[in-house]
Amino acid sequence: MDPYRPLNRSVSGKTVLITGAASGMGRATAHLFASEGAKVMATDVNVEGVRAVEEEMRASGHTTVGSMALDVADADDLKATVDKTVARFGALDIVINNAGFARSTHPSEAKYDEIWEDSLNIMLTAHQRLIRAALPHLMASPEGGRVVNIASTEGLGATPGNGPYVAAKHGVIGLTRAMAVDLGRDGITCNCICPGPILTGITSGIPDEHKEIYAKRRVPLRRYGLPEEVANITLSLCLPAASYLNGAIIPVDGGMSIKNA
Ligand code: NAI
């Protein structure tokens, strides 16, 4: 019989770059990776916000952490951020494409075009640019590079008034699959998480009673999720031991996407 092969279940010492890390799931992911001993580069267009997250991580005793202003819509800035991260930490093993925003619009509205453009730029085009900018470093990662894209249950279906977001998130699923088949030969895995309703900045404007009614009607677990509950699944996908998971689309939604009635 073959001996049992224990695999590495730690991201300690790995370098991770996270976009949209000033708030919500990105912030929770930064904290979690830092607490697991990873070298964390937290980035966000919200400079003060991401600096504050760096301070929080330092206050928790984590020293291999940094933060940088990054608007993911800026292609040059994306590349420069990868270069600066590698200059700072000596490697880049893990990329988390998380930055995003939500703006409602109906196809009859003039603003649809503008929201479409911003949504696809920030929540889809930026993802491929960051992965490609990081590629040489992901290829060089000794235990295999890892990419996690944060899509949404809006990548699996559609809520009315959400067209550009829905299109971008469906695109993230396609991009994940495309990257998984293109980069697999380089030992890089690319997987995607589809969060359901999560308590973050994006959903903070929804009144609590509406959240409760929605969750009880739609989510088998009958509640919104916590950003930490998503961050922990993101971490799992980035473990060296997650080496045979590639191109997976994983709902983290309390069962919302499989509930029929
Ligand atoms: P959040 O609002 O708490 O965090 C999003 C972060 O992205 C913010 O810090 C914001 O400044 C940053 N950001 C926005 N535009 C940016 C840009 N151009 N460049 C860099 N950073 C930018 O929201 P949340 O929920 O944590 O969002 C994270 C991801 O999760 C997003 O991609 C969102 O679409 C996705 N998501 C959220 C769900 C929810 O219920 N909260 C459900 C499904 C998906």
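Reply: Of the 261 residues in the chain, 49% count as buried, where buried means under 20% relative accessible area, exposed means over 50%, and partly exposed is in between, with a 1.4 Å probe and protein chains only. This is a predicted model, in which local features need pLDDT of at least 70 and side-chain atom pairs count only at pLDDT 80 or more, while totals for chains, interfaces and linings use all residues. Residues are numbered from 1 along each chain as its sequence is written, and side-chain values use heavy atoms, with hydrogens and water left out.

The chain holds seven helices and seven strands; helices (H or I, at least four residues) and strands (E, at least two) are DSSP runs, numbered from the N terminus. Read from the N terminus, the order is β-α-β-α-β-α-β-α-β-α-β-α-α-β. The radius of gyration is 18 Å, close to the 18 Å of the globule rule for 261 residues, so the chain is as compact as a globular protein of that length. That radius is taken over C-alpha atoms, and the globule rule is 2.2 Å times the number of residues to the power 0.38. Along the principal axes, the C-alpha atoms fill a box of roughly 50 × 50 × 40 Å. Among contacts with a separation of 6 or more, 72% join residues 24 or more positions apart; a contact means heavy atoms within 4.5 Å.

Nine of the 12 residues are buried, so α1 is largely enclosed by the rest of the structure. These buried residues are G24, M25, G26, A28, T29, A30, L32, F33 and A34. Just after α1, G37 has a positive phi of about 90 degrees.

T85 is found in helix α3 (residues 75-89) and counts as buried because its relative accessibility is 0%. Leaving aside residues up to four places away in sequence, T85 touches T15, L17, M41, M68, G90, A91 and L92.

E54 lies in helix α2 (residues 47-59) and counts as buried at 11% relative accessibility. E54 touches V65, G66 and S67, again not counting residues up to four places away in sequence.

E117, in helix α4 (residues 112-140), counts as exposed at 51% relative accessibility. C-alpha to C-alpha, E117 and P164 are 8.0 Å apart, although 47 residues apart in sequence.

R222 lies between α6 (208-218) and α7 (227-238) and counts as partly exposed at 47% relative accessibility. Most residues other than glycine have a negative phi. The phi of R222 is near 65 degrees, a positive value in a residue other than glycine.
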